[in-house]
Amino acid sequence: MKNLPDFTDSLKQLIASPSISSTQSSWDQGNLDIIQLLATWFEQLGFSIQIQPVPHSNNKYNMLAKLGSGEGGLLLAGHSDTVPFDEDRWHSDPLSLTSKNDKFYGLGTCDMKGFFAFILQASRQLDAKKLQKPLYVLATADEETTMAGARFFAQSQLIKPDVAIIGEPTSLVPVVMHKGHMSHRITVQGQSGHSSQPALGVNAIEIIYQVIGRLISLKDTLEQNYHNDAFDVPAPTLNLGAIQGGDNANRICGFCSLDLDLRSLPGISDDELIHWLNDSLKELAERYPGRINIQELHPSSPSFEQQKPSDLISLAEEISGHQCCAVNYATEAPYIQQLGCQTIVLGPGSIKQAHQGDEYLAFDQITKTEKLLMKMIQHYCL
């Protein structure tokens, strides 16, 4: 106990331990250092520790800490990784905790290393012998990219908590729904040639133009037929994000690619979206056999909804003083929910600070978060 840091020092050490996950190998880092740091702290408090290597990953690990015994209990979960940073957008060192204007600045202060500092301080007040049900702490890997850590943990089925709270930055507003996310690349293989002889080639840009028309039609169909007014963007979204093709004005374009992003509502499965996407391009694929291909850019993340009635939702609304809501971004919630537990997303800091230069955690969140965690632990574990 004497060696355990206080809240500020624990946050400082967490921020100073870089654990960036990125699809770009030049940025991507392992997270073992921060996992071992958390494990050391929680072990001192009497937690049993499991550190799991995440399969098929770049030196990535999950940590599961358990205090107490028995069935059910409470799981407090979060991801140990952060996004990359652009130093030009920061007015301080992103990897050094800075206190200014009643805020803690640093990469991960709200998204979401700060949540573990809160859990650590709450755990210091607990007596394991008095726990009627276990308290679990889960730190995952690669949430910012593939969600590989949460996927693997859900598959492992190591625990069966009664409830789970994922401490993403929600400004302490309970989140009980969010959209899913998937991204695909559509490629068109044409036939290059001299622009003066168009009949001797197949222009991939002209085909992708037709592909875009079909996708816009699919987008309109989704907007017309599917709505959930709990979201500020109530329909599923389809975004055409990037396009590349061709190399010169006087050459028939031999190859073109289009990257798109789909965000589904709860109740729409990934399989349904894939079917609709393929179906929208079916006629073109038959017209241009072997030339149009769809491939997944990243593993998809399903939508999430915690059904009511739920005592966890009711308690979270009572303690936080906020009504539950829906958000457009994706989290690890659908994977944690696969453990068979009631699940919500609820944590300190604002999503508006996440993935931004000068990311911060406001001081006014500290006392509120400490009280909320203690009340949750007392309700579900004591």
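A16 is partly exposed, at a relative accessible area of 45%; buried here means under 20% relative accessible area, exposed over 50%, and partly exposed in between, with a 1.4 Å probe and protein chains only. A16 sits in helix α1, where helices are DSSP runs of H or I with at least four residues, strands are runs of E with at least two, and both are numbered from the N terminus.

Before going on, the conventions. This is a predicted model, in which local features need pLDDT of at least 70 and side-chain atom pairs count only at pLDDT 80 or more, while totals for chains, interfaces and linings use all residues. Residues are numbered from 1 along each chain as its sequence is written, and side-chain values use heavy atoms, with hydrogens and water left out.

Now to the packing of α1. Two packed helices are described by the angle between their axes and the distance between the axes. For α1 (residues 7–16) and α3 (residues 113–123), the axes come within 9 Å and cross at roughly 145°. Axes are lines fitted to C-alpha atoms, for helices over the stretch in contact, and angles run from 0 to 180 degrees between N-to-C directions. The crossing is right-handed, that is, the near helix is turned clockwise from the far one by less than a right angle, anticlockwise being left-handed.

Which residues of α1 meet α3? They are F7, S10, L11, L14 and I15, and on the α3 side the partners include F116, L120 and Q121; contact means heavy atoms within 4.5 Å.

As for α3 itself, eleven of its eleven residues are buried, K113 and Q121 among them. M112 lies in the loop between β5 (103–105) and α3, and the peptide bond from D111 to M112 is cis, with omega near -15°.

There is another cis bond to look at. The one from K308 to P309 has omega near 0°, and P309 is in the loop between β15 (304–305) and α8 (311–320). Most residues other than glycine have a negative phi, and most peptide bonds are trans. H56, in the loop between β1 (48–53) and β2 (61–67), has a positive phi, near 55°, and is exposed at 87%. Q157 also has a positive phi, near 50°; Q157 is partly exposed at 30%.

N31 belongs to the loop between α1 and α2 (32–44). Is N31 buried or exposed? Buried, at 3% relative accessibility. Apart from neighbours within four places in sequence, N31 is in contact with S19, N59, K60, Y61, S80, T140 and A141.

The largest nonpolar core has 56 residues, and F42, M63, L74 and M376 have the most contacts inside it. A nonpolar core is a set of buried Ala, Val, Leu, Ile, Met, Phe, Trp, Tyr and Cys residues joined through side-chain atoms within 4.5 Å. Helix α10 gives the most to this core, with eight residues. Not counting residues up to four places away in sequence, M376 touches L74, I165, L312, L315, A316 and I319. A second, separate core has 26 residues, including M177 and C256.
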